[in-house]
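Please keep the sequence and the structure in view while reading.

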Amino acid sequence: MSASLLRHALRSPARHQLPRALGARAFSSKDRMRTQASVDHVLKVFDQEKACAVLRVPKAEWAAPAMDAAIAGGFKVIEFTLTTPGCLDRVAEFKARDDGVMVGCGTVMNIQDAKDALDAGSDFLVAPVLVPEVVTWCAERNVVIAPGCYTPTELYTAHMLGAQIQKLFPGVHAGPGYVKAVTSALPMLRVNPTSGVDLSNVELMLKSGAASVGLVAPLFDAAEIAKEDWDAVHKRAVAADDGGEQGQVEDEARPRRGWKQERKEARREEDLAGGLVEGEEKKAEERMMRNVHEGKKKEERTSIRRSGAEEERSDSRGEGRRGPARGCEDASFVTRTDARGEEEEDRMSRRGREDRWDQELSRGEEEEKRRREAEAEE
């Protein structure tokens, strides 16, 4: 990466205008403006689904049935690339279905590409390279974009320009170890490895720190697409959702859980641990009410002790004794009252022990006297 590109990122107005983690501040004068809520929604869906089906085919008639097979297999995030004939038509078609599937457009190389993709209804944009002016244009309009980067410098530069997701491309040689090293050093990134991710390492990529992944050839096999074998594409999609190995079982009774299901269960456990679910919130509210009740009871006990201290002080003054100096705080009377009570208990306890010792000594003396009298008679 050239030094001029990094300088461009550091000088870019988006760096100062946009939140670093999400990227976008609203500017009402910009065309094709979207809301921060739309950014949050796109990122939330990526976090939940974890994988995007990326389709790149040479014939327009293959695009729709191939993607339909992937969706039927469980994918909720999809991407059509502009290198596919009729890409924008497919984006508009699948977006119009309004079936809960999030549709993106890839290979966005310039601002005009971005405008065309957004006009077609794309929810997010993807590029194979980092083009600063495209990222800045999108970030200023609350449009989620994932530019292609490879080095840590490029990934961080994309983040500073306002890219909410950083596409690690190509990921062929950037394995899980590389992803872990980058995300550990730069935890603010949302790295999305694409190309080089297959059904066997997708779970390891996610565990190594990838926020999400893009599946291209491992999902859309070129030979199967050419034969229009959509059932094979569907099986690959199901296999991906089942954890990468279709039909594998952990034991005879229970099939292997997919990595998506494991991620959802992990998020559920995090919610429970953090007290974010309704049951935990109710328990927290009950604990708070108990604490309030205990606080009131404590205040009542303190008030009673203070009243007793006041009465004792009045009694002592009535008997002509010198009472405490004026201006002393009530807490001091309570303390002295408690102290006198403890001293009285100690005195009673000592007296009880002394009385028992005297009784035992008397019994011992009487027994000794009777023994001596018996010896004398003998």
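Ala51 stands opposite Val213 in strand β9. Ala51 belongs to strand β1, and β1 and β9 pair in the parallel sense over 3 bridges. Here two strands count as paired if DSSP finds at least two bridges between them. Strands are DSSP runs of E with at least two residues, helices are runs of H or I with at least four residues, and both are numbered from the N terminus.

The model is predicted: local features need pLDDT of at least 70, side-chain atom pairs count only at pLDDT 80 or more, and totals for chains, interfaces and linings use all residues. Residues are numbered from 1 along each chain as its sequence is written, and side-chain values use heavy atoms, with hydrogens and water left out.

**The sheet**

β1 also pairs with strand β2 (residues 77-81), in the parallel sense and over 3 bridges. In β2, Phe80 is the bridge partner of Leu55. How many residues of strand β1 (residues 51-55) are buried? The count is 5 of the 5, so β1 is largely enclosed by the rest of the structure. Buried means under 20% relative accessible area, exposed means over 50%, and partly exposed lies in between, with a 1.4 Å probe and protein chains only. Both faces of β1 are covered: Ala51, Ala53 and Leu55 are buried on one side, and Cys52 and Val54 on the other.

These strands are part of an open sheet of 6 strands with parallel pairing, in the order β5-β4-β3-β2-β1-β9. The edges are β5 (145-146) and β9 (213-215); each has a single partner strand, so one side of each is left without a neighbour in the sheet. The partner of β5 is strand β4 (residues 124-126), which pairs with β5 in the parallel sense over 2 bridges. Across this pairing, Val126 stands opposite Ala146 in β5.

**The cores**

A nonpolar core is a set of buried Ala, Val, Leu, Ile, Met, Phe, Trp, Tyr and Cys residues joined through side-chain atoms within 4.5 Å. The largest one has 62 residues, and Met67, Ile78, Phe80, Leu125 and Phe220 touch the most other members. Helix α4 (residues 60-72) gives the largest share of this core, 8 residues. Another core, of 15 residues, lies apart from it and includes Cys52, Val77, Met102 and Ala146.

Contact means heavy atoms within 4.5 Å.

Helix α6 (residues 111-120) packs against helix α5 (residues 87-96) and against α7. Axes are lines fitted to C-alpha atoms, for helices over the stretch in contact, and angles run from 0 to 180 degrees between N-to-C directions.

| Helix pair | Axes | Angle |
|---|---|---|
| α5 and α6 | within 8 Å | roughly 35° |
| α6 and α7 | 9 Å apart | about 40° |

By class, the contact of α5 with α6 has 5 nonpolar, no polar and 1 charged residues. In the other pair, Ile111, Ala114, Lys115 and Leu118 of α6 meet Glu133, Val134, Trp137 and Cys138 of α7. The contact of α6 with α7 divides into 6 nonpolar, no polar and 2 charged residues. In this scheme Ala, Val, Leu, Ile, Met, Phe, Trp, Tyr, Cys and Pro count as nonpolar, Asp, Glu, Lys and Arg as charged, and the others, Gly among them, as polar.

Most residues other than glycine have a negative phi, and most peptide bonds are trans. Asn142 has a phi near 60°, a positive value in a residue other than glycine. Asn142 lies in the loop between α7 (132-139) and β5, and at 2% relative accessibility Asn142 counts as buried. Glu228 has a positive phi as well, near 55°. Glu228 is found in the loop between α11 (222-226) and α12 (230-241). Is Glu228 buried or partly exposed? With a relative accessible area of 44%, Glu228 is partly exposed.

The peptide bond from Phe169 to Pro170 is cis, with omega near -10°. Pro170 sits in the loop between β7 (166-168) and α9 (176-185).

**The protein overall**

The protein has 15 helices and 9 strands. Of its 378 residues, 38% are buried. Among contacts between residues at least 6 apart in sequence, 58% join residues at least 24 apart.
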